[in-house]
Amino acid sequence: MEALILTIIATSIPLLLAAIGELIAEKSGVLNLGVEGMMLSGAVGALGAVLWLENPYYGIVAGALSGIIIASIFSVFTINFMTNQVATGLGLTIFATGLTGLAGAPLVGKTIPSLPKIEIFLLSDIPVIGNILFKQDFVAYLSIAIIIFISFFLKYSKPGIILRAVGDDHESAHSVGYPVKKIRWYATCFGGMCAGIGGAYIPLVLTPHWSEGMTAGRGWIALALVVFASWIPWRIIVGALIFGGITIAQLVGQARGWPIPSQLLSMMPYLATIIALTMISGRLSKNNSVIPSSLGKPFFGSQ
Amino acid sequence: MRNIVILLGVLVIGAVGFLFYQDKSEIPVAEKETSVTKVGFVYLTTPGDHGWTYAHELGKQMVEKRFGKDVKVSVVENVPEGPDATRVIRELAKGGNEIIFTTSFGYMDPTLKVAKEFPDVKFEHITGYKRSKNVATGNIRFYEGRYIQGVVAGLMTKTNKIGYIGAYPIAEVIMGINAFAQGLRSVNQDATISVIWANTWYDPVKEADSAKVHIAEGADILAQHTDSPAMLQIAEKEGALGFGQSTDMSAFAPKAQLFASINNWGPYYIKKIEELRNGKWNTGDGPDHWAGNVWGGLKSDMLIISKFQNMPDEVAQKAQEALDGIKTGKINIFAGPLIDNTGKEIIPAGKALDDGALWGMNYYLQGVDGKVPG
């Protein structure tokens, strides 16, 4: 059982990271559908860095940087040149799939050391919980720290409130003097960084090799996860664990011969997202602050 | 001003990227040279998968080595199964290729469709079962390797639980599981196989997750019918053992790989191209409903077994005996009595399943847990 829970957590972490990054971008009004592409870049960047520098921690940095680079390309087009965000995001994923294939070609067939587990003093000795919660790798702790930070950042800090204002009504935010484009640049790059680290986690911990398209659609699940969490940070943890849990449950179900078709379980994350979306739009009449109102709309102002 | 600088930056990056980009999928212009045979290949992914497509790439390289300047090979990578495949195959045919190898099951109908439009071009469809006047099929008896895997697994397992990861519940994969079970039960009646269907040929993370679940459920030997080396890497990390798929994966799992069944397409490609050059190309005999034209295994070297490793000498010896037995025909993997895992007799003693029956398999034999989905 313990091994299964650890597997669920490991599967959830890339989703969690990519989703919290996308949440920040969307809160600022930028819908970046390039998450899958940024994750792939993070994965290939991390693997290359670890092969070169032989230290898995550089992989995290390289993954973050690769994600930021791809996010910057997206920002140039959508924020500076005001292109359509949906089309650009989709294009970016297709572009990144090809680019990472090209960049990853020399890495094929090589394997790297995994990210070590860090035991937290004393806490890791608690039976059961210690093994599950306090014997994780650096990225796992980092992702929880990011979620906690973002929760407070969005709710209580001034920059966080400005970010939300930009996402909710960029015209007003602009007229009060906030630099809409600059803030969106930062938010998108933060999203790229998180997605990059999330992607990096795949070769660093889950499967320590490079293979083309190895994220296999997890970027899209992360996008669904943001909606599922209705743009509330802590719900992303719950959502990621549910999505990860369902993924593992359908495998366990098969191994143990549960009489549930595995396809039905594979479908669940998406079904849950649709239900969440329906519930959100049902509530919209009463409270329309859930979805950032300027989400996906280009801003035509000067800065 | 700032926007212009950014735009210039993007253009420079783009230009540099363009310079480095080499278009491998270039489709040649139609021109006919005497004695040069133009050969086309359609790949499902890129050789970077280090599995299925990589094995085809090695076969293609053998063709180039064997014929040198006498063949001109064009490859199109990353072709999705479906309408895109039809377009790509048609372009290759238009480009003057005389023989075209389409290397995935899902290219079956697109290949037949294009073949009708180009009656003079020869087509070789890999792993399919439909043929026509100018479409032949080629396949490997993968299941022979899986029998040997079963023998090794049966002798090496301590928990008597084998974890098997399948791609899709199609006859190709099911006959592999059943062959594995036959090998397993030939040495160990207590061990059982538990199957997880990944519902994908290729998703390293899902394959890794499936491997982890198998290990958490008590399996100590893993086998896979999916394409990436992820399963073996997990085995390596968790101290379990397993088998490489399509290519030798020992680089990924030096302590965990017991051996790999390696797909060797080269001899088949060479044979077919040679036949074409001599005017002897044909679509073979045999009933149309099973992959009949070329279906080679260990005996014809289309399937190769890599070095036996990470096992005691006695086990390696048993494995070698099984290998020799299949090669000489002494072992018939699907010889009766065959009983399925619900106790129903499939075929009595003294008889054996023929090739056609293998392609109709939709049941598990004794030794496999659960039932075939769908």
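My entries follow, one topic at a time.

**Ground rules.** I'm working with a predicted model, where local features need pLDDT of at least 70, side-chain atom pairs count only at pLDDT 80 or more, and totals for chains, interfaces and linings use all residues. Residues are numbered from 1 along each chain as its sequence is written, while chains are lettered from A and ligands numbered from 1 in the order in which they are written.

**Where the chains meet.** I looked up the contact between the chains (two residues are in contact if their C-beta atoms, placed from the backbone, lie within 7 Å). Chain A puts in 34 residues and chain B 35. On the chain A side, α11(A) has the largest share, with 7 residues. I sorted that side by class and got 16 nonpolar, 16 polar and 2 charged residues. For the classes, Ala, Val, Leu, Ile, Met, Phe, Trp, Tyr, Cys and Pro count as nonpolar, Asp, Glu, Lys and Arg as charged, and the others, Gly among them, as polar.

**A helix in chain A.**

Which residues of α6(A) are buried? I noted Val139(A), Ala140(A), Ser143(A), Ile146(A), Ile147(A) and Ile150(A). They sit on the same side of α6(A), because they cover an arc of only 115° around the axis, taken from the directions from the helix axis to the C-beta atoms. Buried means 20 or more other C-beta atoms within 10 Å of the residue's own, exposed 12 or fewer, partly exposed in between, with C-beta atoms placed from the backbone. The cover over the buried residues includes α1, α3, β2, α9 and α11 of chain A. On the face turned away, I found exposed Ala145(A), Phe152(A) and Tyr156(A).

**One residue in chain B.** I then went to Gln224(B), which lies in strand β8, residues 221-225. Is Gln224(B) buried or exposed? It counts as buried because it has 29 C-beta neighbours inside 10 Å. Leaving out residues up to four places away in sequence, Gln224(B) touches Ile165(B), Glu207(B), Met231(B) and Gln245(B).

**Domains of chain B.** Last, I checked the domain assignment (the bounds are automatic or from a database). Domain 1 of chain B is 37-141 + 265-296, and domain 2 is 142-261 + 304-358. Their C-alpha centres lie 28 Å apart.

Conventions. Helices (H or I, at least four residues) and strands (E, at least two) are DSSP runs, numbered from the N terminus.
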